[in-house]
Amino acid sequence: MINDTIVAISTKLGVGAISIIRVSGDNAIPLVNKVFRGKDLAKVDSHTINYGFINNGKEDIDEVLVTVMKAPKTFTREDIVEINCHGGIATTLSILDLLIEHGARQAEKGEFTKRAFLNGRIDLTEAESVMDLIESKTDNSRKLALSSLEGNLKKYINSFRDKLKHVLANIEVNIDYPEYYDIEEVTRKELKEVITSLEKDLKNLVTKSEERQIIKNGIKTIIIGRPNVGKSSILNRFLKEDKAIVTDIEGTTRDIVEGSIIFDGIELSLIDTAGIRDTDNLAEKIGVEKSLSLIDKANLIIVVLNSSEELIDNDMFILDKVKDKNPIIVLNKNDLPSKIDKSKLDFKHIVSTNTNTLDGIEPLKEEIKSMFKLSEIKEDNYTYLANERQLTLAKKALKSLGDAKVSLETDAPVDIIEIDLKEVFDILGSITGESYSDELLDELFANFCVGK
Ligand SMILES: Nc1nc2c(ncn2[C@@H]2O[C@H](COP(=O)(O)OP(=O)(O)OP(=O)(O)O)[C@@H](O)[C@H]2O)c(=O)[nH]1
Ligand SMILES: [Mg+2]
């Protein structure tokens, strides 16, 4: 039983109109009451806001509004008191220190949410979505996090588990009454139906979720090419500002230049890189290596070619590096006579641009939108696995489901199939946190901010 009382500043510490200090635990109300000059908080109704002062025994520290929320209808399912004080570092920290002096413990990262989970108010997918909601930068990522916070992912995962529970019960009957041959027949038929439909739905969830990771993480885009082809010019056109230096000297960009825009509700983060070529200059060499190392980390690769010059070895080297990564090939400088035969480029996405007039920039954006199905995402219901943890588990469940299917098809005894299905049931349960380890919780909540 966790019952020590924790405290944290829940708003960003800095200069602002208001700061909120949150206290949760068995002792939250008496503890704040000791430093509150106003109504007796022990006697006020739950979910009320109370005007008064925080006083350290010698003097008032601030004029405040104190919200009292009694368990169990609170975020942590414990008593919670929230102090709205004037923003500002001195005031906020003084009140925090005072509460710690009176016996509260500084909360660890994510500890309020961890308590909400441990006390059964939310499951793990909902807990994770709290952080996602705080961190979301776009409308789509907000929708994704909120859908999960509202329990939609949990419900979906649980619907899989319910179906499994039903067939597992049937298998048990079979094992207990083996003499009823026709029950086994029925069970096998039902098993086949359930496994097939579960596999289809789970596979669909995994595939869609992988595709939809860009909602949360954005589309990490790298712009590569040999020197002087116009990579930095492309970046600047996207960002609508002169962020990267553009000159006619080869090797202008040495280190990466980053920027991002919001694109149909999805963040497109762009990295302009050093032009790739053989060089003796150390700084440039490091830049080139960095450019190449980014290829594997990107969701989208834009290779820029200078269409007014014949392809040279450096271009071929780059094209070869990205040939399996579905890149967009940009034929830049299309205002000049073309020396590249487009039909000889074996790539699906090719756009021709001129960064001086913006010609081709819109088609380039449209190409990205259709590659990542951005208009489809807008119409989504946003029920997706939201992170690596959830995805890894879902894939593991899918594998066990596949094992069960093979067992069924090869007429293995039902109790063998039962083992696989139980495993699927358990793995799906660990997505929602039906079973968890302390280590997992520590790791998961360590990514939270203090006060949440
Ligand atoms: N004619 C023409 N010139 C362009 C175009 N785009 C860029 N340039 C010129 O090409 C030169 C190189 O442009 P950058 O954007 O610096 O090229 P880069 O690929 O970033 O070069 P590095 O940083 O050296 O690798 C500059 O002089 C630009 O003005 C274009 O569409 N048409
Ligand atoms: Mg450049």
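Reader: What makes strand S11 and strand S12 partners in this model?

Author: Two strands pair if DSSP finds at least two bridges between them, and here five bridges join S11 (residues 300-306) to S12 (residues 328-332), so the pair meets the definition, with the two strands running parallel. One of the links is between leucine 305 and its bridge partner in S12, leucine 331. The model is predicted, and local features need pLDDT of at least 70, while side-chain atom pairs count only at pLDDT 80 or more and totals for chains, interfaces and linings use all residues. Residues are numbered from 1 along each chain as its sequence is written.

Reader: Why is one side of strand S9 and of strand S13 left without a neighbour in the sheet?

Author: The open sheet has six strands in the order S9-S10-S8-S11-S12-S13, with mixed pairing. Strand S9 (257-263) and strand S13 (349-352) stand at its edges and each has a single partner strand, which means that one side of each has no neighbour in the sheet.

Reader: What makes a residue count as buried?

Author: A residue is buried if 20 or more other C-beta atoms, placed from the backbone, lie within 10 Å of its own, exposed if 12 or fewer, and partly exposed in between; buried residues make up 38% of the 452 residues in the protein chain.

How values were computed. Chains are lettered from A and ligands numbered from 1 in the order in which they are written. Helices (H or I, at least four residues) and strands (E, at least two) are DSSP runs, numbered from the N terminus.
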